[in-house]
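Work through the exercises below with the sequence and the coordinates at hand. Each task is followed by a stepwise solution.

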Amino acid sequence: MIAIPYFTALTTYISYGLLFAFGQMRDFFRRVFNWRRSNNLQGYAPICLGLEDFYTRRLYLRIQDCFGRPIASAPDAWFNVVERYSNDNNKTLKRTSKLSRCLNLGSYNYLGFAAADEYCTPRAIESLKKYSPSTCSSRVDGGTTVLHNELEKCVADFVGKPAAIVFGMGYVTNSAILPVLIGKGGLIISDSLNHNSIVNGARGSGATVRVFQHNTPSHLEDLLREQIADGQPRTHRPWKKIIVIVEGIYSMEGELCKLPEIIAICKKYKVYTYLDEAHSIGAIGKTGRGVCELLGVDTADVDIMMGTFTKSFGSCGGYIAGSKELIEYLKYTCPAHLYATSISPPAAEQVISAIRVILGEDGSNRGAQKLARIRENSNFFRSELQKMGFEVLGDNDSPVMPIMLYNPAKIPAFSRECLKQNLAVVTVAFPATPLLLARARICISASHTKEDLVKGLEVIGQVGDLVGIKYFPAEPKKQEEERKIVKLE
C-alpha cells in the first residue's frame, strides 16, 4: 500500500473537488444558454455518458498533449518527438514538421534491442525479404513458417518449459487465453493490481473472480481457504478449477512479485499458478530468464508462464509456456491461434536473434553486458531519485520506477517541463491508476549511458523542485560524500 502524506492527500482531494465543482458549473450554464440549440446526434445515443463524458471533456482533454506523443525514430536511448500544437484549447492537436531530440525515459526497450542491432537487425531484414511483413493468415491455415516453430522451441528452452505457443499480440495473449483455460464453475484469484489484459480475460472467461490484496501472500491464503471451504456460489459445490494469477514485475508499481511465498501457498492448496512475465522476462535474472531465476523459483512449480516480446526483445507478440499437453490443448482451442493472423516473420526472427544474443550464442558477451548494464542503470537511477527526495515505487533490479505526482495539476506540469528540456517521460493518471495516485513512470534501458542517466536526473531534479513533488527531504551532500569515501576505503 502507498502511504500518501496527509497534506498531499488533502490538497489532491481539494484539487479534484474544485475541478469537479467548476466543471459542473460550466456544464450547467452551457445547458442554460444553449437550451434552444438542438444536438447533432440525430437520435443516436452519445458514445460517452455521465461522469465518463465529464472526465474526458473537463480533465483529460485539457492535458491530452501529455499523452500519445508521436515519435519519428526508433525508441532508442534518444529519439525524435514530433512537436504538436492546438488552436482549440487542446480539444484537437495538430502536428508540425519540427522534431525534438529527447532522452527517452518512457519506452520498454529494456535491453536496447528495439534500435538497430549488429546481430538482430540484419537477420530481421533478411527474413523480411524471404517471408514478407505478414503471413496474411492464421497459424492453422497458411500462417505457420519455420520461424514460428523455431521461435516456440527457442522460447520454451529459454524459460525452462517443455513447450510454448506464440501469438501476434501481447495483450491478446492474456485476454484470449484465460477464457480457454477456465470457465463457469472455475475460480480465478487475481492480484488487485494485475494488468488490464488479465482483468478482461478473467471477466470474459465466465469464471468467478476474486481479488487478493496486492502482493500479500497471507491474504491470498486466507482467501483461498475461505473459497475452498464455501465452494461455488449458491450450490456450494467444489470448484472445478482454481487459478491464481500474478505478475513478475507490476508495470505501474515496479514491484517484484513475492513469488516463492505465493508458489508455496498454491502448492499447499493444489491450485494452478499463472505468471505474467511481460516486464520481467529478459530484463532481470542473471541470464535474463526473469523473476523465477532472480528469486530462485523452479519453473516446474509454475503451471502457466506468460510473457511478451514487446519489452526486452524489441519486437511484438506474446507467448504461453507450459506442459506439452497444455500447449497442444491451446493450439486446438485458443481463438488467438485459430483465427488471428500469426506473428510477423521479421518480428519472430527479431525475438530469436535477441534470445541468442542474451544467451551468448552470437559468439559475443554482449548479452551478459546488457543484463549487467540494465541492472546497474536501474539501481543507480532509483537510488539517486530517492536521495533527491522523490517518492519512488518499486524494488531494486526493476527497470520500472514510478515517481509519485498525486496532484492533478502536477501531471501536465511535470510532463511539459521535462519535454521543454528534451526529456521524454510517461505520466500516468486515472483510469490507469487510482484517482489519487497519479505518477510519472520511468523505464530504464541498457542502452542508456551513465551520461544519459545523469542528464535525466538533472532535469528531473530541476523539474521536481519547480513542480513541488519532492515529498521527502533530500539527502545532505555532506552525508553522501562521506558515504562515498567509506565505500572507496
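Strands (E, at least two residues) and helices (H or I, at least four) are DSSP runs, numbered from the N terminus, and two strands pair if DSSP finds at least two bridges between them. The model is predicted: local features need pLDDT of at least 70, side-chain atom pairs count only at pLDDT 80 or more, and totals for chains, interfaces and linings use all residues. Residues are numbered from 1 along each chain as its sequence is written, and side-chain values use heavy atoms, with hydrogens and water left out.

**Exercise 1.** Determine the strand order of the sheet that contains β2, and find the bridge partner of Leu103.

Solution.
1. The order is β1-β2-β11, an open sheet of 3 strands with mixed pairing.
2. The edge strands, β1 (78–85) and β11 (423–424), each pair on one side only.
3. β2 (residues 94–104) pairs with β11 in the parallel sense, over 2 bridges.
4. Within β11, Leu423 is the bridge partner of Leu103.

**Exercise 2.** Describe the sheet that contains β13, and identify the helix packed on it.

Solution.
1. The open sheet has 3 strands in the order β10-β13-β12, with antiparallel pairing.
2. β10 (400–404) and β12 (426–428) are at the edges; each has a single partner strand, so one side of each lacks a neighbour in the sheet.
3. Neighbouring strands are turned by 30° against each other on average, direction ignored. Axes are lines fitted to C-alpha atoms, for helices over the stretch in contact, and angles run from 0 to 180 degrees between N-to-C directions.
4. β10 and β13 (residues 439–443) run antiparallel and are joined by 5 bridges; Val400 has Cys443 in β13 as its bridge partner.
5. Helix α13 (residues 366–388) packs on the sheet and touches β10 and β13, where contact means heavy atoms within 4.5 Å. The direction of α13 makes about 15° with that of β10.
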